[in-house]
Amino acid sequence: MACGPANPNSLGVSVWFEGERVHGEVRLDERHSGAPGYAHGGAIAAIMDDLLGQVLIPLDRPAVTATITVDFRGPALLGRTLTLEGWCEKIDGRKLHMRGEIRDGDALVAEARALFIHVDVSHWEASGQPLPESWQGWGGEVRDA
């Protein structure tokens, strides 16, 4: 939802990888407004969930969000380039403990803590929709350790 050029209604997030960390940028506009001039908190939370989901790619672990907590630390002003960073703090069996930040320059806008659960890629087949070709073989078997 938040990322990906294939979705014309995405939030316009672009990401890149540096090792097991994901970095990104987004510039929100009036479509994402909460209060006048400010991004809606739901847009910020969606960006965080998607950002942390991108961390699964370098970890080679398909997973689903079990919980996510977003702490809003400052205003997310519309029309500003916000920078993003997400990483995995710890892996405990199938549990992936994730962290992320959104910044406007040096100012912290939001930070998140999330728990993702490693699942087999077949989890998404229940939708009846074809899975992206790039997902074939992703993650191999679910690892408990």
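Predicted model: local features only at pLDDT ≥ 70, side-chain atom pairs only at ≥ 80, totals over all residues.

Me: What makes the link between His118 and Arg61 a polar contact?
Reply: The side chains of His118 and Arg61 are joined at 3.5 Å. The cut-off is N or O atoms within 3.5 Å. The pair counts as a polar contact.

Me: Which sheet order do the six strands form?
Reply: The order is β1-β2-β4-β5-β6-β3, in an open sheet with antiparallel pairing.

Me: What makes β1 and β3 edge strands?
Reply: β1 (14-18) and β3 (63-72) each pair on one side only. Neighbouring strands of the sheet are turned by 20° against each other on average, direction ignored.

Me: How do you know that β4 and β5 pair?
Reply: Pairing takes at least two bridges. Nine bridges join β4 (residues 81-92) to β5 (residues 95-104). That meets the cut-off, so the two strands pair. They run antiparallel. Glu85 stands opposite Glu101 in β5.

Me: How do you know whether Leu52 is buried or exposed?
Reply: Leu52 lies in helix α1, residues 41-54. Its relative accessible area is 0%. Under 20% is buried, so Leu52 is buried. Leu52 touches residues including Ile68, Trp87, Met98 and Phe116. Ala114 is also one of its contacts. The C-alpha atoms of Leu52 and Ala114 are separated by 7.9 Å, though the two are 62 residues apart along the chain.

Me: How many aromatic pairs does a search of the whole structure find?
Reply: It finds three.

Me: Why is the pair of Trp124 and Trp135 called edge-to-face?
Reply: Their ring centres are 5.2 Å apart and their planes are at 70°. Pairing needs centres within 6.5 Å, and planes over 60 degrees apart count as edge-to-face. So the pair is edge-to-face. Both residues lie in the segment after β6, eleven residues apart in sequence.

Me: And why is the pair of Trp135 and Trp138 called tilted?
Reply: Their centres are 5.5 Å apart, with planes at 55°. Ring pairs link Trp124, Trp135 and Trp138 into a cluster.

Me: What makes Trp138 buried, and Trp135 partly exposed?
Reply: Trp138 has 14% relative accessibility, so it counts as buried. Trp135 has 26%.

Key:
Residues numbered from 1 in each chain as written. Heavy atoms only, no water. Helix = DSSP H or I, 4+ residues; strand = E, 2+ residues; numbered from the N terminus. Axes fitted to C-alpha atoms, helices over the stretch in contact; angles between N-to-C directions. Polar contact = N/O pair within 3.5 Å; in protein donor to acceptor, adjacent residues only side chain to side chain. Buried < 20%, exposed > 50% of the residue type's maximum accessible area, 1.4 Å probe, protein only. Contact = heavy atoms within 4.5 Å. Phe/Tyr/Trp six-rings, centres within 6.5 Å; stacked < 30°, edge-to-face > 60°. Lists of a residue's contacts leave out its neighbours within four places in sequence.
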